[in-house]
Amino acid sequence: MTRTEKAALLSAAIGVLVTALKFAAFWLTGSIALYSDALESIINVVAAVCAFVALRVAAQPADDDHPYGHHKAEYFSAVIEGTLIIVAALLILREAYQGIVTPKAIDTPVIGLAVNGLATVINAAWGWVLLRRGRAWRSPALVADARHVIADVVTSGGVIVGVALVLLTGVLVLDPLVAGLVALQILWSGWTMMRDSINGLMDQAASPEMIQKIRELISMHGEGALEAHDVRTRHAGSATFVDFHLVVPGEMSVANSHAICDRIEDGIESAVEGAVVTIHVEPGDKAKARGVPVI
């Protein structure tokens, strides 16, 4: 397995542990807010499994049916996870409404809060690690999974506050009210995740900073060429596709122009992880005098 697949599988295992702890906290207290928190964690486990499957698909090499690879499978996973987060938030809102209509007393709240707190600490630590790894490895699936874990931490924090307020004030309705407020935050998180994933499916370009870096690399390694124009980029999972037109003197041999292309490709691929470079060579009269000057 790749490192991202191992991280996704570990995330699922940690999710199972956290879910078990949260259901134990609910069983001890009977709190609707703690039940809602445990319910959200089940979605977290399912999302981690989705991320693992998507990463397995994305890691497959290009084939006749998918000549550009399977990188975008990660975005589908992120869309699914965003949908699951929204579903979890709606379920929590449903439980919160029922709790407001018929408030219930909380049993053994201190022990329940301690168990739920332990689960929250585990989740927070793993979410932080997973988010850093996902960004460093440029994995949309892992980043989506990390955001889901962090959303779960936010849920747990709100629930703990709600239960604590019930203990301090004796107002039972505060339990479901806090759970409902946290559910609204989760709805926003799920929407943001889906929006970012849809941008990836729509072949969103690389960041302006990365595009500028690529242009500088073309100029740095393009000695012998005249110009590069129509530089385009797009993200697909952990891959960044780069294509452009390279103008060379008309009398230059195929071998020499190919050597320039090799230098540029090696330069970009060594500096931009996951870069896939395609270069179209043109003769000197095709220069537009508005591309990347190559010296």
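Lys22 is buried, at 0% relative accessible area. The model is predicted. A search of the whole structure finds four salt bridges. Three of them are described below, two of which involve Lys22.

**Lys22 and its partners**

- Lys22 forms a salt bridge with Asp152, with the closest N and O atoms 2.8 Å apart.
- This pair links distant parts of the chain: Lys22 lies in helix 1 and Asp152 in helix 5 (residues 140-169), 130 residues apart.
- Lys22 also forms a salt bridge with Asp37, where the closest N and O atoms are 3.1 Å apart.
- Here helix 1, which holds Lys22, is linked to helix 2 (residues 32-58), which holds Asp37; the two residues are 15 apart in the chain.
- Through shared partners, the salt bridges join Lys22, Asp37 and Asp152 into one network.

**Burial in the network**

- Asp37 has a relative accessible area of 0%, so Asp37 counts as buried.
- Asp152 is buried too, with a relative accessible area of 0%.

**Glu273 and Arg3**

- The side chains of Glu273 and Arg3 meet in a salt bridge, at 3.2 Å from N to O.
- Distant parts of the chain are linked by this pair, whose residues are 270 apart.
- Arg3 sits in helix 1 (residues 3-29), and Glu273 sits in the loop between helix 8 (254-271) and strand 3 (275-282).
- Glu273 counts as partly exposed because its relative accessibility is 43%.
- Arg3 is partly exposed, with a relative accessible area of 44%.

Notes
Residues numbered from 1 in each chain as written. Predicted model: local features only at pLDDT ≥ 70, side-chain atom pairs only at ≥ 80, totals over all residues. Heavy atoms only, no water. Helix = DSSP H or I, 4+ residues; strand = E, 2+ residues; numbered from the N terminus. Buried < 20%, exposed > 50% of the residue type's maximum accessible area, 1.4 Å probe, protein only.
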